[in-house]
Amino acid sequence: MPPKQKKSNNQGGEEEDQQSLQAVILTDFFEEQFQPISYELPRCLMPVCNIPLIEYTMEMLAAVDVFEVFVVCINHIEAIKNYFEHSEWMKANSRLTVQIVAAPECLSVGDALRELDARQLITADFILTSGELVSNIKLDVLLEEHRALKKVDKNYIMTMVLKEASRTHSSRPKDSNSVFVLNPKNKQCLYYEPVVAFPRQSRLEISPEIFENSTEIEFRNDLVDPCFDICSLEVPALFTENFDWQRLRSDFVHGILTSDILGKTIYSNIVFEPYIARVQNEQLYDTISKHILSRWVFPVVPETNLRPGDDYEFTRGNIYKSTGVKLSRSCMIDDNVQIGSGTVIGENTRVSNTVIGKNCIIGDNVTLENAYLWDNVTIKNNASVYKSIIANGVNILENTSVEKGCLISINVTVGPNKKIAKYSRLSRFPQPKDTVFAESDDEIDQKHEAPKATKGNQPVYYWTLRTADADEDIRNNKLGSLAFDMADLVLNEDDLTDSASEIGDSDSDSEIGSINGAWALESSIAKKTEEFKREISQTIERSLNENHSVYTAALEVTGLRMSSNGSYTDIREVMIPIIMDHIDRNNAIKSMKTVLNKWAPLIKKMTHTPEDQMHVLHVLHTHCTKEEYLNKLFLGALQLIYNADIVEEDAIRVWYASDKSRATPALTKLREKATKFIEWLDEAEEESEEESDDE
């Protein structure tokens with residue numbers, strides 16, 4: 001199929017160059033995540049919220065003028081081919097032209113791009129991404145910026161799309177990070193360094209030329225890299241010319257930026273509002289699934305029904321049910337749950353924060369918490385699954401408990417009356433040997449059969465966690481696994497301190513403190529709280545400025561609270577001042593009524609106990625001491641939040657009598673204005689008692 005763009009006579013080849021766009025989807029990044037499931041099923045076809053991962057990528061590309069998509073397959077080639085042949089993307093009316101590129105001999109991302117160059121398939125600028133991307137980003141603006149850069153910088157070859165996220169944001173991978181050195185004016189990337197959690201890296205080595213050639217630079221480690229790039233036609237050829245480049249970031253990007261010969265430039269495009277993330281490990285599988293259920297990726301939500309035949313409906317509490325689901329009367333479905341068609345859930349079963357696929361049979365007295373059940377899973381009576389991935393066709397027999405962090409591969413049967421220990425990985429197949437050079441005896445030693453995990457003659461094998469490279473630290477894989485507990489991580493002395501040979505002899509207490517304090521800073525509750533409050537502040541400000549509904553704002557705030565493990569107290573401390581500050585001081589009384597009448601219900605959704613009510617009063621009281629116009633509005637605001645049932649009479653009386661309300665002269669002075677309100681409550685109470693006596 002030819003490109004969709006039209007060429008006019010006066011624009012000619014220039015218009016074609018601007019509009020033509022291809023896309024390359026890599027289905028393998030040569031990582032050892034999701035084993036043993038990924039041994040049997042390609043990662044790009046793993047379901048996230050009951051949709052194969054690659055569908056999210058395809059839908060995003062279909063929204064722009066991409067005329068051809070190359071799906072590069074290295075492993076599981078037949079499975080991927082079969083999927084596309086039976087999908088909507090291969091039909092005559094498809095929005096995209098899709099070509100499967102089989103490259104079984106490739107051993108790296110670099111090999112895959114060299115293969116594309118050898119076959120001369122890339123004929124225009126192209127989008128380079130993975131089949132594991134989930135995003136609601138609109139690409140039109142990014143593509144326009146790409147074309148503009150081509151005009152002003154003849155050495156420009158690529159733009160990396162990066163997502164801004166605080167260091168405690170849930171979408172950041174725990175096992176790895178990146179440092180980007182950027183020109184803050186045009187976002188040209190001057191230097192790139194990948195950073196893994198282990199072994200700890202104490203410093204970066206950067207060429208002095210970067211400082212000499214740039215008047216201003218910024219170091220950014222608050223950026224998440226989803227591996228989504230907009231590339232020029234030169235990129236595959238550069239891989240061919242540099243045969244030792246295997247990895248996309250640590251070899252290609254690092255090599256381009258540190259080369260004195262090539263003279264090519266790479267830019268970044270940093271996004272904040274749009275959602276973009278790659279399911280690069282099991283930790284992010286869980287996180288991104290939760291984000292979809294919490295509607296962070298809107299309009300990419302289950303009830304959009306991306307695949308033909310899906311018919312999910314959205315109900316309160318982020319519950320998504322397909323038709324044909326059968327729920328017993330006594331089962332309990334908590335918030336953030338998705339249930340596929342044909343699924344049956346038995347009596348007294350509880351399901352929370354869980355995704356259940358199609359045609360699953362869930363027995364009686366079953367507990368599912370933070371679990372991911374794919375299609376055709378059977379869970380018998382009195383079983384339980386906690387924060388684990390259960391693949392297609394798995395049978396969990398009676399009285400079996402699957403502890404957190406487990407991956408159970410396709411068609412495995414476990415139980416009955418067994419406890420599957422946390423972090424277990426089970427498969428019907430033995431784990432292959434580490435390398436092709438291992439002896440046969442070594443391979444036999446690596447087969448950890450688990451006869452006690454199953455019933456009958458079907459063998460089940462325990463797999464161990466491994467790294468893709470012998471030089472990599474296994475602890476990074478553990479951090480990126482599902483539900484890994486930091487308390488189970490073994491730290492070495494080298495992880496906490498550096499030797500004098502690495503950093504030089506120093507007796508400085510401050511230097512020693514900065515080294516040893518890195519771990520304390522990472523786990524600092526105060527730091528996490530600060531970051532959470534900042535994100536809540538941005539979310540609420542956006543809701544007020546864009547006039548969102550209270551329902552939408554509450555969904556966003558609740559999703560952020562759940563993903564960051566934040567508290568309602570922190571939310572109220574941020575929310576109430578922001579709402580009060582949106583009152584127009586030039587028309588204060590009328591504006592206060594308008595603002596609070598709309599947004600008081602949002603405060604109410606974050607207020608549950610009498611202690612919460614006391615906190616609301618304290619935050620409002622304290623904030624209103626900061627500005628004269630707010631001082632005058634305090635009594636009216638108190639009346640409005642009382643009318644909205646945010647605070648009750650008892651809470652107001654307790655607050656009024658508390659020492660906290662008189663902690664400073666300013667608080668004491670403002671508190672006196674509430675005396676009239678207390679008197680009004682007393683009068684209302686007396687009238688009520690008199691009416692009762694008359695009756």
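Visitor: Is A102 buried, partly exposed or exposed in this model?
Guide: The model is a predicted one. A102 has a relative accessible area of 23%. Buried means under 20% and exposed means over 50%, so A102 counts as partly exposed.

Visitor: Which residues is A102 in contact with, leaving aside its neighbours within four places in sequence?
Guide: A102 has its place in strand β5. Contact here requires heavy atoms within 4.5 Å. With the neighbours within four places set aside, the contacts of A102 are C73, I77 and R119.

Visitor: How far apart in space are A102 and E115, C-alpha to C-alpha?
Guide: In sequence, 13 residues separate A102 and E115. In space, C-alpha to C-alpha, the separation of A102 and E115 is 9.7 Å.

Visitor: How many of the 10 residues of helix α5 are buried?
Guide: Helix α5 spans residues 109-118 and is mostly covered. Its buried residues are V109, G110, D111, A112, L113, R114 and L116. The count of buried residues in α5 is seven.

Visitor: Which elements do the buried residues of α5 pack against?
Guide: The partners of these buried residues include both strands and helices. The strands are β1 (22-26), β4 (68-73), β5 (98-102) and β6 (126-130). The helices are α8 (234-241) and α9 (248-258).

Visitor: Are helices α19 and α21 roughly parallel or roughly antiparallel to each other?
Guide: The axes of α19 (residues 588-605) and α21 (residues 628-643) come within 11 Å and cross at roughly 30°. Angles under 35 degrees count as roughly parallel. The two helices, α19 and α21, are therefore roughly parallel.

Visitor: Is the crossing of α19 and α21 left-handed or right-handed, and which residues of α21 make the contact?
Guide: α19 passes α21 in a crossing that is right-handed. On α19 the contact is made by A588, I589, M592, K593, L596 and N597. On α21 the contact residues are L633, G636, A637 and L640.

Visitor: How many residues of the contact of α19 with α21 are nonpolar?
Guide: The residues of this contact include two polar and one charged. The nonpolar residues of the contact number seven.

Visitor: How many disulfides are there?
Guide: A disulfide needs a pair of cysteine sulfur atoms within 2.5 Å. By this rule, the number of disulfides is zero.

Visitor: Is C360 buried or exposed?
Guide: C231 has 0% relative accessibility and counts as buried. C360 also has a relative accessible area of 0%. The cut-off for buried is under 20%, so C360 is buried.

Terms used: Residues are numbered from 1 along each chain as its sequence is written. This is a predicted model: local features need pLDDT of at least 70, side-chain atom pairs count only at pLDDT 80 or more; totals for chains, interfaces and linings use all residues. Side-chain values use heavy atoms; hydrogens and water are left out. Buried means under 20% relative accessible area, exposed over 50%, partly exposed in between (1.4 Å probe, protein chains only). Axes are lines fitted to C-alpha atoms, for helices over the stretch in contact, and angles run from 0 to 180 degrees between N-to-C directions. Helices (H or I, at least four residues) and strands (E, at least two) are DSSP runs, numbered from the N terminus. Angles under 35 degrees count as roughly parallel, over 145 as roughly antiparallel, 65 to 115 as roughly perpendicular and the rest as oblique. A crossing is left-handed if the near helix is turned anticlockwise from the far one by less than a right angle, and right-handed if clockwise. Ala, Val, Leu, Ile, Met, Phe, Trp, Tyr, Cys and Pro count as nonpolar, Asp, Glu, Lys and Arg as charged, and the others, Gly among them, as polar.
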